[in-house]
Amino acid sequence: MRRRGERPATEMNEESFLEDRIRALVHGTLSEEDAEQLKREIESDAEASVLLHAYRDVYALTAAFADDVHPSSVSVRDVLPKTRIDALRSRWRSAVAAVLVLGVAALAAWHVRSPGEPELLELAAIPLGDLGVDTAPRTVPAALQWFTPTTTDGVRWMDSLTDALEIAAVVDRPVLLFGGIRGCSYCMWMDANTFGSDAVLGRFAEFVPVRLTAAQLRALAPDERPEMLNTPMREWPIFAVMDSTGRPIANFAGLHSAEQFRERLDDSLIGVENDPISWKTAGDLTNRFLSAEAARADDRFAEAWTLYCGLAVRLERPFAGLGAWGRDVLARDARRRLDEARAAAEPERSRELLDNAARAFAGTPLGDELARVRDSFVDVGAFPELKSAR
Amino acid sequence: MVSSADFTALFERTHVSLHRFLYRLSRNPADADDLLQEAFLTVWRKRDQYSGRGSLDGFLRRTAYRVYLNHRERRRRRAALALRAPKPAVETPADDSVERHDTVNFLFARIREGLDALPEEAREAFVLFRFEGLSCREISQLTQVPAKTVSTRVRRATLLLAARLRKYQNEMPIQ
């Protein structure tokens, strides 16, 4: 039975603070091994020693006090009636709120339906100015949803430089290109030894690794190839670190031990100013953007709008840009439908188009604004005057 | 979602330890009773918000702590409004040479004085650490204060309390 104020030794771990460990030592709940280690630490740390003695004294002095219990005079019978009164009050509050909401809704309906002058409507979500030219479609590599540079099996090399550069542009990391020829013994040695090292694997998170064969390297345009391939020097394997535009950052070649390779990677990162997104976040945000795109393609605009808006407020710039772009695409679509309704020759047709548009964008601010335009059009028999509230 | 039966079972299972928790923090049995009722009532009102993730006991404890924080804030405001009110008499014996049968009460009074003399945040951290058995990290999660700060407060309170109480070591009751 665990006493109050005591913690089992199994709960002591490296993350425990000195205070926690000293308490466990004084309470005798620290494992023998941990206790010996803590004692050694305390011997070399005067401050910890003072704390140990202080806690030991306080523990002894307050042992009886800790068990001094003031019985509660409250029983469940004191609480349950209050819960019933509370529930009753809650029902009354709900009833009063419902009456108020209905009253406000009736007033609003009367106001909206009363005929009069053409209304002046301010629209914030739908753009009213010149739409200009649509920006080019934007996307993000789908592989980012699951991609990480390492797995439990080791390095996850990509096999396309184009894909690697695309991913590098989103996650703001340099590309690490590995080029090898068939039967390259150094390559095989490095596969078995260098790339299996924890120290090296840890560094791979900072890069987008891609591995190409000699034939793939030869197929690259001269300005895309690692610089060493354009010189008479040949040593395999070759490594090239480049930014997401393909600009070279570092080149090196030959056999590298784990320690040498880690140093090479560290050196290549010197001077690289980037703001990388964690791989997990990049995967999650990519998934959201692609879901938004799928929802938009499927005319599920409310879902797409929510996803785009969520991305637009992110601090990760590429995804914030994608979110803002997606939101803009939807807003432009809503505006085009509004223009189409205004251009219709027959009022019935205008109303039908506005109805369809409001329904399509229902659940978004665009849908709300289209519905306001439709209601005004129905009430007055003419389009309201529109003003941008942006 | 917490059913009425769950709620009654929760009360029966936890009200003693929760009352002790609130008494240690509020230092007043009557306040602890009120806070206990308020904590359970709050849990009942928010029973729809309990999603089933995490323990119900943890949900109750967090609620109780927030109820206590509100109570502490109200008490501070009242104290600020009543600056001129006479201070309550402190029950202190004439000297330390008390009879042996009063030793426990004497020592408890000194411990209470020692705890009361601690800075408020350090006292709360120490109470949760020493008497509720929470780790610095658990206190951090409960109070939303960084764990390192909690650790510093616990250390400070331990050192202050030890310095104050050491002279009473001879008065300790025989265990």
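**Briefing: cores, helix packing and chain contact**

Leaving aside residues up to four places away in sequence, Ala164(A) touches Met158(A), Val175(A), Val208(A) and Val210(A). Ala164(A) is also among the residues with the most contacts inside the largest nonpolar core, which has 52 residues. The model is a predicted one. Chain A comes to 15 helices and eight strands, whereas chain B comes to seven helices and zero strands.

**Nonpolar cores**

- Besides Ala164(A), the residues with the most contacts inside the 52-residue core are Val175(A), Leu177(A), Val208(A), Ala334(A), Ala357(A) and Leu370(A).
- Another core, of 51 residues, lies apart from it and includes Phe21(B), Tyr23(B), Ile111(B) and Val154(B).
- In soluble globular proteins, nonpolar side chains tend to be buried together.

**Burial and contacts within each chain**

- Chain A has 390 residues, of which 28% are buried.
- For contacts in chain A between residues at least 6 apart in sequence, 64% link residues at least 24 apart.
- Chain B has 175 residues, and 34% of them count as buried.
- Of the contacts in chain B with a separation of 6 or more, 65% are between residues 24 or more positions apart.
- Read from the N terminus, the elements of chain B follow the order α-α-α-α-α-α-α.

**Packing of α11(A) and α12(A)**

- Helix α11 (residues 279-297) of chain A and helix α12 (residues 301-312) of chain A have axes that come within 8 Å and cross at roughly 150 degrees.
- An angle over 145 degrees counts as roughly antiparallel, and α11(A) and α12(A) are therefore roughly antiparallel to each other.
- The crossing of these two helices, α11(A) and α12(A), is left-handed.
- On the α11(A) side, the contact is made by Leu285(A), Arg288(A), Phe289(A), Ser291(A), Ala292(A), Ala295(A) and Arg296(A).
- On the α12(A) side, the contact is made by Phe301(A), Glu303(A), Ala304(A), Leu307(A), Tyr308(A), Gly310(A) and Leu311(A).
- Sorted by class, the contact of α11(A) with α12(A) comprises nine nonpolar, two polar and three charged residues.

**Contact between chain A and chain B**

- Chain A gives 33 residues to the contact, and chain B gives 41 residues.
- On the side of chain A that touches chain B, two or more residues each come from α1 (18-27), α3 (46-61), α4 (63-66) and α5 (76-113) of chain A.
- Helix α3(A) supplies the largest share of that side, seven residues.
- By class, the side of chain A that touches chain B holds 15 nonpolar, seven polar and eleven charged residues.

Conventions. Residues are numbered from 1 along each chain as its sequence is written. Chains are lettered from A and ligands numbered from 1 in the order in which they are written. This is a predicted model: local features need pLDDT of at least 70, side-chain atom pairs count only at pLDDT 80 or more; totals for chains, interfaces and linings use all residues. Helices (H or I, at least four residues) and strands (E, at least two) are DSSP runs, numbered from the N terminus. A residue is buried if 20 or more other C-beta atoms lie within 10 Å of its own, exposed if 12 or fewer, and partly exposed in between; C-beta atoms are placed from the backbone. Two residues are in contact if their C-beta atoms, placed from the backbone, lie within 7 Å. Axes are lines fitted to C-alpha atoms, for helices over the stretch in contact, and angles run from 0 to 180 degrees between N-to-C directions. Angles under 35 degrees count as roughly parallel, over 145 as roughly antiparallel, 65 to 115 as roughly perpendicular and the rest as oblique. A crossing is left-handed if the near helix is turned anticlockwise from the far one by less than a right angle, and right-handed if clockwise. Ala, Val, Leu, Ile, Met, Phe, Trp, Tyr, Cys and Pro count as nonpolar, Asp, Glu, Lys and Arg as charged, and the others, Gly among them, as polar. A nonpolar core is a set of buried Ala, Val, Leu, Ile, Met, Phe, Trp, Tyr and Cys residues joined through C-beta atoms within 7 Å.
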